[in-house]
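Here is a short briefing on a protein chain. Look at the structure first, then work through the topics below.

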Amino acid sequence: MGAQWKAKHKDLAANAKGRLFGKLAKDIMIAARNGADPAANSKLRLVVEQARKVSMPKDTLDRAIKKGAGLTGETVHFEYALYEGFAPHRVPVMVECLTDNVNRAASDMRVLFRKGQLGTSGSVAWDFEHLGLIEAEPTTPGADADMAAIEAGAQDLEPGEDGATLFLTDPTDLDLVSRALPAQGFTVLSAKLGYKPKNPVAASSLTAEQLDEVETFLAALDANEDVQNVFAGLAD
């Protein structure tokens, strides 16, 4: 499933559209703290491009930028929280939250992880690599992803979605590589820090029923209003 778990089934993906807009709005608000102009704010520009790619309504996008930049008079305050544990059948999971109520988020995580196992800090993180994850697509046919990775300074690469390539970087090199890839013939679609499993559980080692239990658990996590990203140690 790659580094980040995503709803596979079309019905789940369709129902998740509103939640996706909510997550992106948080990213936009946080990025806009450093300026409301995407041309002068690289982090905001990347998130805005992601929002446009999934057809976020323009008024929703503009409102999030203004709110984050403090142009509406509202105070925006989100705290970051990281939870780790196991989905059913010992599939390791890292969950990133952005919340305006840490007590609510902690309570929700305890409830959601009842069908798995909520771990303590560091109990699962050792089995994941903390990396920069850059999804990019070639601007011209035949652009060489391997050469682009070398020239831009990426550590590694793997196939992404819809013909895109996922470039993996050291966390400190995320911005540097993101800015170098366009000169190598690639358009950056998204760039973020995330977690890649070192020893993922093979989906083929689970029965159809077990895999469905894992998928249901991950979907419930992803549906939570405070959850921003879900990284699961599950391989196709």
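L221 touches V93, V95, M109, L112, F113, V227 and V230, leaving out residues up to four places away in sequence. Contact here means heavy atoms within 4.5 Å. The model is predicted: local features need pLDDT of at least 70, side-chain atom pairs count only at pLDDT 80 or more, and totals for chains, interfaces and linings use all residues. Residues are numbered from 1 along each chain as its sequence is written, and side-chain values use heavy atoms, with hydrogens and water left out.

**Nonpolar cores**

- The largest nonpolar core has 22 residues. Such a core is a set of buried Ala, Val, Leu, Ile, Met, Phe, Trp, Tyr and Cys residues joined through side-chain atoms within 4.5 Å.
- Buried means under 20% relative accessible area, exposed means over 50%, and partly exposed lies in between (1.4 Å probe, protein chains only).
- Which residues have the most contacts inside the largest core? They are Y83, V93, V95, M109, L218 and L221.
- Strand 1 (79-87), strand 2 (91-99), helix 5, helix 8 and strand 9 each supply at least two residues of this core. Helices (H or I, at least four residues) and strands (E, at least two) are DSSP runs, numbered from the N terminus.
- Another core, of 19 residues, lies apart from the largest one. Its members include I28, V47, V48 and V54.

**Aromatic pairs**

- How many aromatic pairs does a search of the whole structure find? It finds three.
- Rings of Phe, Tyr and Trp (its six-membered ring) pair if their centres lie within 6.5 Å; planes under 30 degrees apart count as stacked, over 60 as edge-to-face and the rest as tilted.
- F113 sits in the loop between helix 5 (102-112) and strand 3 (117-118), while F217 is in helix 8 (residues 208-223). The pair links distant parts of the chain, 104 residues apart.
- F113 is buried because its relative accessibility is 2%. F217 has 5%, so it is buried.
- Another pair, Y195 and F231, is edge-to-face, with 5.7 Å from centre to centre and 65 degrees between the planes.
- Y195 belongs to strand 7 (residues 186-197) and F231 to strand 9 (residues 227-232), so this pair ties together parts 36 residues apart in sequence.
- Y195 counts as buried at 10% relative accessibility. F231 counts as buried at 0%.

**The loop between strand 1 and strand 2**

- H89 lies in this loop, between strand 1 and strand 2. Its phi is positive, about 65 degrees, although H89 is not a glycine.
- H89 is partly exposed because its relative accessible area is 32%.
- R90 is found in the loop between strand 1 and strand 2. Its phi is also positive, about 60 degrees, and R90 is not a glycine.
- R90 has a relative accessible area of 48%, so it is partly exposed.
- R90 lies over the face of F86, at 3.7 Å from the ring centre. A charge sits over a ring if NZ of Lys or CZ of Arg is within 6 Å of the ring centre and within 35 degrees of the ring normal.

- K23 is in helix 2. Is K23 buried or exposed? At 13% relative accessibility, it is buried.
- K23 touches D222, N224, V227 and Q228, not counting residues up to four places away in sequence.
- L174 lies in helix 7. It is buried, with a relative accessible area of 14%.
- L174 touches G132, L133, I134, T169, A191, K192 and L193, again leaving out residues up to four places away in sequence.
- L174 and L211 are 37 residues apart in sequence and 33 Å apart in space, C-alpha to C-alpha.
- R114 is in the loop between helix 5 and strand 3. It is exposed, with a relative accessible area of 68%.
- R114 and A87 are 27 residues apart along the chain, and their C-alpha atoms are separated by 9.4 Å.
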